[in-house]
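Hi there,

Here is the structure I promised to pass on to you. Have a look first, and then read on for what turned up in it.

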Amino acid sequence: MFRRIATRQFSSSAANAYKVTVLGAAGGIGQPLSLLLKLNHKVTDLALYDLRLGAGVAADVSHIPTNSTVKGYGPEEDGLAKALTGADVVVIPAGVPRKPGMTRDDLFNTNASIVRDLAKAVADNAPNAAVAVISNPVNSTVPIVAEVLKSKGVYNPKKLFGVTTLDVLRSSRFLSEVAGTDPTQEVVSVVGGHSGITIVPLISQTNHKNLDKETYEALVHRIQFGGDEVVQAKAGAGSATLSMAQAGARFAGAILNGLAGEADVVEPSFVDSPLFKKEGIEFFSSKVTLGTEGVKTVHDLGELTNVETELVNTAKETLVKNIQKGIDFVKANP
Ligand SMILES: NC(=O)c1ccc[n+]([C@@H]2O[C@H](COP(=O)([O-])OP(=O)(O)OC[C@H]3O[C@@H](n4cnc5c(N)ncnc54)[C@H](O)[C@@H]3O)[C@@H](O)[C@H]2O)c1
Ligand SMILES: O=C(O)C[C@H](O)C(=O)O
């Protein structure tokens, strides 16, 4: 005789029970990210949406014995709306990755419309969710999501995030390699944006402010262009997926820790920021304290060296154009 196995049902409205939706869940990032989210005990409902294979990835991940239910969705039968309804956090890794020789901005033409359309669905079905955008170019896709949410009257600047955590991971790792230290103990604040020269690691705020000039410059360059290393090594088969999944899971986990009211949840992220608004820069990455309503505090950059100030100024010149490009896209292609 078979005994009926009791299953607990969770609802995302219960305390410490959260629905997380991944849009682009069957991709290179989406699959390992979904796996890592299945291992997060705060996630009680995991919704995996993709144009293809959403149900397959969900069936696979669902066999892992953690306390979340997993459901997969495709575009048929209103799958996107169903995946989003009730979501507390939406993570978006949908879109095409780079090939060697491309910049992230070269992805704009394809990914801008993908992200715009997914943002419309978020506005219609999960207007209160925290949205974490991974799809590149992040410096432009985040403003695209903001414009769409504004046009639908549901924009909450405290709940929109560009995921820059991979730059933070790389900084810890690469710094530990030159300093001969434990990477798990290296915490680096990375500010600006997420592409090449817009990525600014603040090494002077670590214990390694006295690196010689050559080592320092090589380290900063490696952090700024770390994505290229992976793109070149994958030789046309895509960009960072596994390290990005870890970064995405860490950032989504931080959002959940904040929503759950935990203290001192701080991660850098590309957010609607007061720091350089007067200079026309609407979004900027810096350390952010996460709370029950999303962004609680946007931290200022702290003390910078002259070189770091120069790096930030250079980043701002590119960022302002990247951000405007996203805004203009939605205005021209609503
Ligand atoms: N923010 C970062 O640090 C960071 C790091 C790495 C990659 N990325 C970016 O993440 C994106 C995804 O990279 P990947 O390697 O996973 O690519 P991938 O091609 O392996 O996967 C993308 C997935 O998105 C899906 N997709 C496409 N359009 C969709 C739509 N309209 N709705 C739902 N799903 C859709 C595809 O079916 C595919 O499964 C790229 O734009 C890449 O540049 C960002
Ligand atoms: O480099 C890329 O295109 C992907 C991602 O933004 C990264 O930093 O690895």
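Let me start with the ligand. Domain 1 (2-163) and domain 2 (165-325) both give residues to the shell around ligand 1, so the ligand lies between them. Please keep in mind throughout that this is a predicted model.

**Around the ligand**

The shell around ligand 1 is made up of 33 residues, and the closest are Gly 24, Gly 27, Gly 28, Ile 29 and Asn 136. By type, the shell divides into 18 nonpolar, twelve polar and three charged residues. Helix α4 (residues 108-125) gives the most to this shell, with three residues.

**The annotated binding site**

The UniProt entry, which is unreviewed, has a "binding site" annotation that covers Arg 98, Arg 104, Asn 136 and Arg 170.

Two of the arginines can be described in more detail. Arg 98 sits in the loop between β4 (89-92) and α4, and Arg 104 is also placed in the loop between β4 and α4. Are these side-by-side entries in the annotation buried or exposed? Arg 98 has 22 other C-beta atoms within 10 Å, so it is buried. Arg 104 counts as buried too, because it has 24 C-beta neighbours inside 10 Å. The cut-off behind both calls is 20 or more such atoms.

Leaving out residues up to four places away in sequence, Arg 98 touches Arg 104, Leu 107, Val 231 and Ser 239.

**How the two domains meet**

The chain is divided into domain 1 (2-163) and domain 2 (165-325), with C-alpha centres that lie 22 Å apart. Between them, 39 residues of domain 1 are in contact with 40 residues of domain 2. On the side of domain 1 that touches domain 2, the elements giving two or more residues are β1 (18-23), α1 (30-38), β4, β5 (130-133), α5 (138-151) and β6 (160-162). The largest share of that side comes from α5, with six residues. By type, the residues on that side of domain 1 divide into 25 nonpolar, seven polar and seven charged.

UniProt also has a feature in this part of the chain: "domain: Lactate/malate dehydrogenase N-terminal", from the unreviewed entry, at residues 19-162. Over residues 19-162 the chain is 38% helix and 19% strand, and the end C-alpha atoms are 20 Å apart.

**The chain as a whole**

The secondary structure comes to ten helices and eleven strands. The radius of gyration of the chain is 20 Å, close to the 20 Å that the globule rule gives for 334 residues, so the chain is as compact as a globular protein of that length. Along its principal axes, the C-alpha trace spans about 70 × 50 × 40 Å. Buried residues make up 48% of the 334 residues. Of the contacts with a separation of 6 or more, 69% are between residues 24 or more positions apart.

**Backbone details to look at**

Which peptide bond is cis? The bond from Asn 136 to Pro 137 is cis, with omega near -5°.

Two residues other than glycine have a positive phi. One is Leu 53, with phi near 70°, in the loop between β2 (43-49) and α2 (54-61). Leu 53 has 18 other C-beta atoms within 10 Å, so it is partly exposed. Another is Glu 77, with a positive phi of about 50°, in the loop between β3 (69-73) and α3 (79-84). Glu 77 is exposed, because it has 9 other C-beta atoms within 10 Å.

Happy browsing, and do write back with any questions.

Best wishes

Definitions and conventions:
Residues are numbered from 1 along each chain as its sequence is written. Chains are lettered from A and ligands numbered from 1 in the order in which they are written. This is a predicted model: local features need pLDDT of at least 70, side-chain atom pairs count only at pLDDT 80 or more; totals for chains, interfaces and linings use all residues. A residue is near a molecule or strand if its C-beta atom, placed from the backbone, lies within 6 Å of it. Helices (H or I, at least four residues) and strands (E, at least two) are DSSP runs, numbered from the N terminus. Ala, Val, Leu, Ile, Met, Phe, Trp, Tyr, Cys and Pro count as nonpolar, Asp, Glu, Lys and Arg as charged, and the others, Gly among them, as polar. Domain bounds come from an automatic or database domain assignment. UniProt positions are given in the numbering used here, feature names are shortened, and annotations may be inferred rather than shown by experiment. A residue is buried if 20 or more other C-beta atoms lie within 10 Å of its own, exposed if 12 or fewer, and partly exposed in between; C-beta atoms are placed from the backbone. Two residues are in contact if their C-beta atoms, placed from the backbone, lie within 7 Å. The radius of gyration is taken over C-alpha atoms; the globule rule is 2.2 Å times the number of residues to the power 0.38.
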